[in-house]
Amino acid sequence: MNVKPNTQELAEVGKNLGIEVVILDEKDSKQYINRVIDIFTPFKITGHLSIGKETLTIPLEGNEFSYSKYLKSEPAYIFFDQESGDRNTVVVVKDAVFGK
């Protein structure tokens, strides 16, 4: 299997903390990422994703380590810079508010 550093790190941290993490296969990952890009029409998909349209966002400044306070108890889908080694990979954290 091709090692993907961000994906691997999330999987290891999840295991160490007892957080259920699933890595979608490449086909499902590509479909999910394309759907998100179609819905939110980001200004860019490299570096930090920059969401477009009229989307509600939480500012990074002052909230960087507290996003889970705003999330529902449901899966969180994470994907990465679409020019990185982790492109076309989606990591699913089964409960976005673990430890709340």
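User: In the protein chain, what percentage of the contacts with a separation of 6 or more comes from residues 24 or more positions apart?

Analyst: This is a predicted model, in which local features need pLDDT of at least 70, side-chain atom pairs count only at pLDDT 80 or more, and totals for chains, interfaces and linings use all residues. Residues are numbered from 1 along each chain as its sequence is written, and side-chain values use heavy atoms, with hydrogens and water left out. Contact means heavy atoms within 4.5 Å. Of the contacts with a separation of 6 or more, the share from residues 24 or more positions apart is 55%.

User: In which strand is the confidence highest?

Analyst: The score is pLDDT, the predictor's confidence in each residue from 0 to 100. The protein chain averages 84, and 88% of the residues score at least 70. The lowest mean is 91, in strand β2 (residues 76-79), while the highest, 95, belongs to strand β1.

User: In what order do the elements of the protein chain run from the N terminus on?

Analyst: Helices (H or I, at least four residues) and strands (E, at least two) are DSSP runs, numbered from the N terminus. The protein chain has 2 helices and 3 strands. Their order is α-β-α-β-β.

User: Which strands stand at the edges of the sheet?

Analyst: Two strands pair if DSSP finds at least two bridges between them. By that rule there is an open sheet of 3 strands in the order β1-β3-β2, with antiparallel pairing. Each edge strand has a single partner, so one side of it is left without a neighbour in the sheet; the strands in question are β1 and β2.

User: In β3, which residue is the bridge partner of Ile78?

Analyst: β2 and β3 run antiparallel and are joined by 4 bridges. On the other pairing, 3 bridges link β1 and β3, with Ile23 bridged to Val91. Ile78 also has its bridge partner in β3, and that partner is Val91.

User: What angle does the direction of α2 make with that of β2?

Analyst: In β3, Val93 is the bridge partner of Val21. Helix α1 (residues 5-17) packs on the sheet, touching β1, β2 and β3, at about 155 degrees to the direction of β1. α2 also packs on the sheet, touching β2 and β3, and its direction relative to β2 is about 95 degrees. Such angles run from 0 to 180 degrees between N-to-C directions, with axes fitted to C-alpha atoms (for helices over the stretch in contact), and the value for α2 and β2 is about 95 degrees.

User: Is Ser29 buried or exposed?

Analyst: Ser29 is found in helix α2 (residues 26-40). Beyond its neighbours within four places in sequence, Ser29 is in contact with Leu24, Asn88, Thr89 and Val90. Because its relative accessibility is 0%, Ser29 counts as buried.

User: With which residue does Glu26 form a salt bridge?

Analyst: A salt bridge is a side-chain nitrogen of Lys or Arg within 4 Å of a carboxyl oxygen of Asp or Glu, and the count is 1. The closest N and O atoms are 3.4 Å apart, and the partner of Glu26 is Lys30.

User: Where is Asn88 found?

Analyst: Asn88 is not a glycine, yet its phi is positive, near 60 degrees. At a relative accessible area of 21%, Asn88 is partly exposed. Asn88 lies in the loop between β2 and β3.

Note on methods:
Buried means under 20% relative accessible area, exposed over 50%, partly exposed in between (1.4 Å probe, protein chains only).
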